Amino acid sequence: MRRLPWLLVALSAACFAGDTAMNAAVQPLFSRDSTVVHGWPIINAAALGSTLMGALILSRLPRNPIGWILVGVGASTSVSMVSEIYSIWVDTEGGPGTRSPSVLAGWVAAFFGGPVALTGLTVMFLIAPDGHVLSRRWRYAVAATVLGLALFLVGLVHADPDSFVGRGDQTHTNTTSGFLLSSGVLLVCAMLLLSVASLMVRMRRATGETRQQLRWFVLAAAAAGVGMLMLLVVSGLNDGRTTWLSAVPLQVSFLLLPVLLAIAVLRYRLYDVDVIINRAVVVTLAAAFVAVGYTLLVVGVGALLGDQVSGFWPSVVATAAVAMAFQPLRRRVVRFADRLAYGPRAVPYDALSAFSRRLGDSPAPASLLPAVAEAAGRAVAASRCVVTLDVDHGETGTASWSSSPRAARSASGADVTVPVADAAGPLGSITVTPAPGRAVRPHELALLDDLAEQAAVAFRNARLAAELAAHVADLDRRTAELAASRRRLFEAGDAERRRLEHAIDRDVMPNLRSLTATLEAGPDPTTATDALVGQATDALEALRELTRGIFPTMLARAGVAPALTAFLARVGNPVQLAVAASAQGRRFAARTEAAAYYAATAAVTAGARGTLHLSVDDRSLVLEVERAAPLRGEREAVLDRVEALGGSLVESLGRLRVTVPTVEASPVPAPREVDDSAPAVR
């Protein structure tokens, strides 16, 4: 079965040559009867091109229905053409043979003639390009096309055998036969026009490269449809006579079919036959060069030497000379064939060179990744390519490239991922999505590996640059946070000094002013001593109250739990303190206790209610407040104290949770204790 398509190609070529020879014997080759009525050489070339195109497709995809239809249409048309001209030659010009072979040749020409080719083209347009109809409803169009061909063939069977000879017209044999023949042809023509609509609908729904491939099918189908309409209309206006205007457009549309399919195959890789075309071009050019060179050398050497030597030695010399002359041209021939079949992805080293140049022009990750994606996608003719750059400290970089704006956006099972790595480890990946209907071939996979190897150095530099940028951004953020924290510390210090000044002026200074006034008045020493002692005592008590608010003595002496108990008793807040067994009787670092005490007092001052829980969890002092009010202005100060020790503060759903580590990185001396019996003011 693999040889059959190429045998049919040889048959079409032989029929082309035979038709040309017999046509020249019957009539001038470029006369109206030869070109318009018989269709030479346009239909012959179209039939040979269709057979060749179908054989190329079948050599890659042996079960592809499009390939078999093209081979069948081309071979049947070639047989019909040579049979028709043979029948005309015998009937009108007295060619070799009797009437019986002429009648048989005429019947074969009618049987494999235009309706068979139109039926094949209609079915092909209905199932292009994947071999399936657009939907189940379009199966009726295929059935109607086959029915039209069946009506035509039944009409041929009932036709008068003499009507097949020469230039006979089978439609005028009898009423039944003429009706069947005309009905079959009209039904096939109607389905041909409907197949054009099917292709247009299919192209409208398609996306990406499939849409590009279908455009050439639509163009071929539209040309065939226009040619058929012109044939029907112009022939009807001229009483069925064949004219240049009625016949040539349909013939040209038939010739355009293999040409447009070749464009779809070469430019948009339809059916993936580019490798076969590449080898065919190389063999054809080599054969042409050898034939022309051999002929010229043999003729030239023979003309120069005459009869001095036999024909054997000139042949040997010519063969050696042609072989030596072809060697320098071989690389150019292969390069030309690669360019013709593969396009810009033909030469891997060219792609690598262009890629290396782009890497040199795109050092930054923002421009490097899109450049790599485009270079890799174009190198292997993918529909989409995604490149990722893995960054340890920062966001992973990603860039994508697609062959068209409507290319597929999601990955498919045929995606191929090539890692980008160097000696230090993985750096990223290159993922390509092949065009619909094809897969990444081994040589393309090797090219992707080479591209990934070339990109490794640039990826490493881009990764270092991205990580450095991430570190710089992190340092900027931390610097901004430190600056903000410093401002808050200054503001908190200023606010605390103003509060302390206001408290001293409110609670301490009145006693001191009274004491000063008593001393200045000079009262009775007996009574003045008691008054002076009382006023001094009141001033000391006020100062003690103020110092407890800053860093209470109870916190330094007994710990955070007793200090909070004394604070809650002093302020009279309804908050209850619950100390877990894990925190009972334990002491912690001074800064840890101070941070927890400050957070608790800030929460109580803000209006907390419920219970204040104190516990130790996983080497951290945990403070939880139920029904906590927002800390508002105190939140930043509490957060600074807690985060300075590596802790955390969480406010959510009316609850406050403060976590402070119980072990510090470096010991911090505890604050100096305050002796309540010592004078507070000297």
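Tutor: Contact means heavy atoms within 4.5 Å. This is a predicted model, in which local features need pLDDT of at least 70 and side-chain atom pairs count only at pLDDT 80 or more, while totals for chains, interfaces and linings use all residues. Residues are numbered from 1 along each chain as its sequence is written, and side-chain values use heavy atoms, with hydrogens and water left out.

Student: Which residues does Ser-12 touch, not counting residues up to four places away in sequence?

Tutor: Ser-12 touches Leu-48, Thr-51, Gly-74, Ala-75 and Ser-78. Ser-12 itself is found in helix α1; helices (H or I, at least four residues) and strands (E, at least two) are DSSP runs, numbered from the N terminus.

Student: Does Ser-12 count as buried or exposed?

Tutor: Buried means under 20% relative accessible area, exposed over 50%, and partly exposed in between, with a 1.4 Å probe and protein chains only. Ser-12 has 1% relative accessibility and so counts as buried.

Student: At what angle do α1 and α4 pack?

Tutor: Axes are lines fitted to C-alpha atoms, for helices over the stretch in contact, and angles run from 0 to 180 degrees between N-to-C directions. Helix α1 (residues 4-26) packs with helix α4 (residues 65-93) at about 25°, and their axes are 9 Å apart. Angles under 35 degrees count as roughly parallel, over 145 as roughly antiparallel, 65 to 115 as roughly perpendicular and the rest as oblique. α1 and α4 are therefore roughly parallel to each other.

Student: Is the crossing of α1 and α4 left-handed or right-handed?

Tutor: A crossing is left-handed if the near helix is turned anticlockwise from the far one by less than a right angle, and right-handed if clockwise. The crossing of α1 and α4 is left-handed. The residues in this contact of α1 with α4 comprise 18 nonpolar, six polar and two charged. Here Ala, Val, Leu, Ile, Met, Phe, Trp, Tyr, Cys and Pro count as nonpolar, Asp, Glu, Lys and Arg as charged, and the others, Gly among them, as polar.

Student: How many salt bridges does a search of the whole structure find?

Tutor: A salt bridge is a side-chain nitrogen of Lys or Arg within 4 Å of a carboxyl oxygen of Asp or Glu. The search finds nine salt bridges. In one of them the side chains of Asp-422 and Arg-460 meet, at 2.9 Å from N to O. Asp-422 lies in strand β3 (residues 416-422) and Arg-460 in helix α15 (residues 442-521), so the pair ties together parts that are 38 residues apart in sequence.

Student: How far apart are the closest N and O atoms of Arg-635 and Glu-651?

Tutor: They are 2.7 Å apart, in a salt bridge between Arg-635 and Glu-651. This pair links distant parts of the chain, with Arg-635 in helix α20 and Glu-651 in strand β8 (residues 648-652), 16 residues apart. Arg-635 counts as partly exposed at 27% relative accessibility, and Glu-651 is partly exposed at 31%. Elsewhere, salt bridges that share partners join Asp-474, Arg-477, Arg-478 and Glu-481 into one network.

Student: Which residues of helix α20 are buried?

Tutor: In helix α20 (residues 635-644) the buried residues are Ala-637, Val-638, Leu-639, Asp-640 and Val-642. Just after α20, Gly-646 takes a positive phi of about 85°.
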